[in-house]
Each structure stands twice: as C-alpha cells, then as structure tokens.
Amino acid sequence: MTSPNSLAPWLTLVGIGEDGVLAPGSAEALSRADIVYGGARHLELAGAFSAEKRTWPSPFSSVFAELAALKGNKVAVLATGDPMWFGIGSSLLKHFSPLEMTVLPALSAFQLAASRMGWALQETECLSVHGRSVDLLRASLYPGARILTLTSNADTPRQVADLLADEGYGRSRMSVLEHLGGEKERRAEGNAESWSAEVADFHTLALEVIADPGLCLRARTPGLADDAFRHDGKMTKQDIRAVTLAELKPYPGALLWDIGAGCGSVAIEWLRAANRTKAIGLEPNAERRQMAAENAVALGVPHLDLRDTDAPAGLEGLPQPDAVFIGGGLTAPGMVDTALAALRPGGRLVANAVTLESEAVLLDAFQKHGGSLKKLSIHKAGSIGGLTGWRPLMPVTQWSLTKP
C-alpha cells in the first residue's frame, strides 16, 4: 500500500510567458527547487535562481526516467503558458501521479491569441499541430469556423494555407501571431490562397475559415458520401455506415477496433465523430490498407492505427476497446466470442453481414447473447427505360450488443 507521504508533491510545473512573467507562486517554487528543467529560452527568461539548471535531454523521452530518479528532490519544470493545455503536463501525467505534482499555469497561447483577435474563446476551436500532421485540421474545417492552433515552425502557415486551398477554403483569413506577450510580438495577415508571408518559428496561428463558392461540406456527423473515400467497391456504404456508427455510439476518448477495416470508412467516421477518439483498423489486404491510410489523411484523421493482421488471432495484445465493429471475417472460427471477451463492460459490439453464412453467425450470436438483430435494406431511385423506379442494394443484417 502506498503511503500518503510517498505521493507528496515534489514536481512543480511552472508556466512562463514570452515576457518572462511567471505564473503566480512560481518565484517561490523556483527558489525552493533543487533542480529546474526547461528549454534554454525558458531558463534564460526565468531570471536568476540558485537551483541547478538542466535543459531537456535528447531524446526528449528520456526525461521521464531522469525525473523518476529525482524523487525526493524538489524539481521544477518550466513550460510555456499553461502546461496542461497541449503542454508537457499531459505527458508527465502518463508517468507520475497528479498527487506528486503542483501545476502553476500562466496565460496560455490560446488566451493571448483570442484576446488579440477579439474572439470569444468558448466559441473558438483550439488545436495543436505542433509535432503533428497539419492534416488534423481537415476534420475541423467548416464555414465560419474560428480556429487557433499551435504550430511546429515557420513553415507551418504555408502548409496550412495549401491545405485550406485544397479543401475549398482558399479565401480563409490567416493571422500569424508571433512571440505573443513579448517584446518581439508581431502580427502577419493574409489569405490562404495567396499566403506568402515570412514568419518566426514561435507563433500561434489564427484562422477565420471562409468557404469557396460551391463547397461540398463534409460534416462530422457519420454518413459521408461514398465518393469521399477511395475504395474498390467493397466498403460499408453511406446509409449502412450511418446506422452502424449510430449503433457503435462514439464518444470522446473511446477506442474502436475495426475488424476487416477495408478502405477505413467506419474507423475514419468514428474518429471524426468525437474528439480524442482512437481507432485500430485490422486489414490484411495491402491495397485496402493503403487506401485506408490515404483516406485517413484526406479526411483529417491521420492517426488511424492500421495493422497488417487477421482476426481473431491479431486481436491478442491490443488495448482493450470501448467498441468493436466486425465488417469482415465473421465466419472465422471464434471471431465473435474473441471480440466480445476483449470488449470492456458496457462497450458496444456491432457486426454486419451480407452473406447467408455470415448471417447464420449473427443469428447464433443473437440467440446466445441477446442484443438487437435487424435487416437493413436500401432502395435508390434509378432510370428504368424512360421512367424511374427503385433499385435495391444488397441487404445487410446487423447485430449489435452492449456488453453487460
């Protein structure tokens, strides 16, 4: 059993602004510290203190072991703005208990940028592409959006401008807010389609998203048109996909296993439907896996985790899912039982079948485990001679279950 004293705070996260102003209480924390970590810029901005100064190690990931070895000392970490908003705080919490940490936030880059732009922060999308793909922005674009994003370097605005033009938002206004709160603060503005400004590495990017005429909007509500995906015809089609996602019930932070991911349509819509969702797609076909990867980038979810493996054998060792979709391989021995056993209590399992053999598996699962079994049939209007009639698509049998 861990004693309360062993989790007494010894690690202090100190927010600091571009002007060197420390978060309230930080001066005392630094004066009591034995060791202070930070970037060279942060250590210089913080001024004089008696503690040992250490810059970040290379590779950065080794710092967590270094910090763990310093328990028993008073350690402070300098970080820009609010360490808990796309800062080092979230990384540290993966390694240390919050009971071991004291967090002293300064004004965040988002707060400063919103004040400069005159935007209400609660009505603004706050994102980060720092060390991440700018393709993440694709899922957050809509007419009238106001987006503040942290960036990697001086080239990020150009990459974002190209992305906006590619997505049909070339008229969008871009504002680069350099060195917010410091003596070198500066603002550069322009349109995405004609962006050419030279900017500093350290900045926050503000976007006023304006749609080009005739833009075909891609909503985050599940049910994107089939032609939004590159596919070989074998995919969960739009109407069935919308019903499938409704049954899977995506929510922020939840993990999906997409078994037989194909072109990735279900996993991609899952990732778009709620913030911080995660998805692992299992697809042994190399061409479909490549299509899924390309679709994920194009639709703003490049973090889709694609695995070259079959199920159920390939399920072993994966993180426990909050939802499972079986879109292929239903007739593989043990598929349903293995997926259901792995699913966390209260999680959702949804399986679709188009063949009689796979339908028989779902009937057996329904009789054994309960849940909901239904047949989905879609008819679309089409030309019949000189008239119009209904053309049926292949019906889909769907079984869904909430694990007790």
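A crossing of two helices is called left-handed if the near helix is turned anticlockwise from the far one by less than a right angle, and right-handed if clockwise. In this sense helix 7 passes helix 8 in a right-handed crossing, where helices (H or I, at least four residues) and strands (E, at least two) are DSSP runs numbered from the N terminus.

The model is predicted, and local features need pLDDT of at least 70, side-chain atom pairs count only at pLDDT 80 or more, and totals for chains, interfaces and linings use all residues. Residues are numbered from 1 along each chain as its sequence is written, and side-chain values use heavy atoms, with hydrogens and water left out.

| Helix | Residues | Residues in the contact |
|---|---|---|
| Helix 7 | 238-248 | R241, L245 and L248 |
| Helix 8 | 265-273 | S265, V266, E269 and W270 |

Leaving aside residues up to four places away in sequence, I259 touches, among others, L282, A311, L315, V324 and M335.

The axes of helix 10 and helix 11, as lines fitted to C-alpha atoms over the stretch in contact, with angles from 0 to 180 degrees between N-to-C directions, come within 10 Å and cross at roughly 45°.

Notes
Contact = heavy atoms within 4.5 Å.
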